Structures are given as structure tokens and as C-alpha cells.
Amino acid sequence: MHIQLISGQYSPAEAIDLLTCLVDAKIKFLESKISRSQSEEDIHMRERRIIQLQNELADIRSNLLQLSKDVEMDSGVH
């Protein structure tokens, strides 16, 4: 089984938009897990992951904003 989610050249602005949407979807997924979780350990682990994703998105966003050429993006699920 394979689904190709992203494949191709994107402008920095398009790449930021696409990555932001993907990260937002993952954060919403984690938040839904938090709201249904009874385990404090699971809640804290997911909260840390959300913060990590937000920080990584901020880092990549600032890197992409410095580029003047398209970027190659490739992502899939196997």
C-alpha cells in the first residue's frame, strides 16, 4: 500500500502553505487524542510533540523565506 501525498517543485510560499496545512492537521489529530486520553503520560507526550512540530515549522518557514528558488518536496505513506 502506498499513497503519494506530495511530489514536485513548489515556490517557497507554496511550500510554507502546504507544510503549514500538514502540521496543522497533525496538531489537530494530537489534540483530539489528548481530549480522549486518561493517561497524564500520554497527554504530556502529545503536548511535547505539538510544541516540537510548532518549533520545527517555524524553523523551516524561516529557512524557506530566505530562498529565491523553488524547492523539491516529496512525501508519501508506505
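Start at Ser37: a polar atom of its side chain lies 3.3 Å from the backbone nitrogen of Ser39. That is within the cut-off for a polar contact (a pair of N or O atoms within 3.5 Å; within protein, one able to donate a hydrogen and the other to accept it, with residues adjacent in sequence counting only if both atoms are side-chain atoms).

This is a predicted model, where local features need pLDDT of at least 70, side-chain atom pairs count only at pLDDT 80 or more, and totals for chains, interfaces and linings use all residues. Residues are numbered from 1 along each chain as its sequence is written, and side-chain values use heavy atoms, with hydrogens and water left out.

Ser37 sits in the loop between H1 and H2; helices are DSSP runs of H or I, at least four residues, and strands are runs of E, at least two, numbered from the N terminus. At a relative accessible area of 16%, Ser37 is buried (under 20%, 1.4 Å probe, protein chains only). Apart from neighbours within four places in sequence, Ser37 is in contact with Asp42, Ile43 and Arg46 (heavy atoms within 4.5 Å).

Now the helices. H1, residues 12-36, and H2, residues 40-65, pack at about 175°, with axes 10 Å apart; axes are lines fitted to C-alpha atoms over the stretch in contact, and angles run from 0 to 180 degrees between N-to-C directions. H1 is therefore roughly antiparallel to H2 (over 145 degrees).

Which residues of H1 are buried? Pro12, Ala15, Ile16, Thr20, Val23, Ile27 and Leu30. They pack against strand S1 (3-10), H2 and strand S2 (71-77).

How values were computed. Parallel < 35°, antiparallel > 145°, perpendicular 65-115°, else oblique. Buried < 20%, exposed > 50% of the residue type's maximum accessible area, 1.4 Å probe, protein only.
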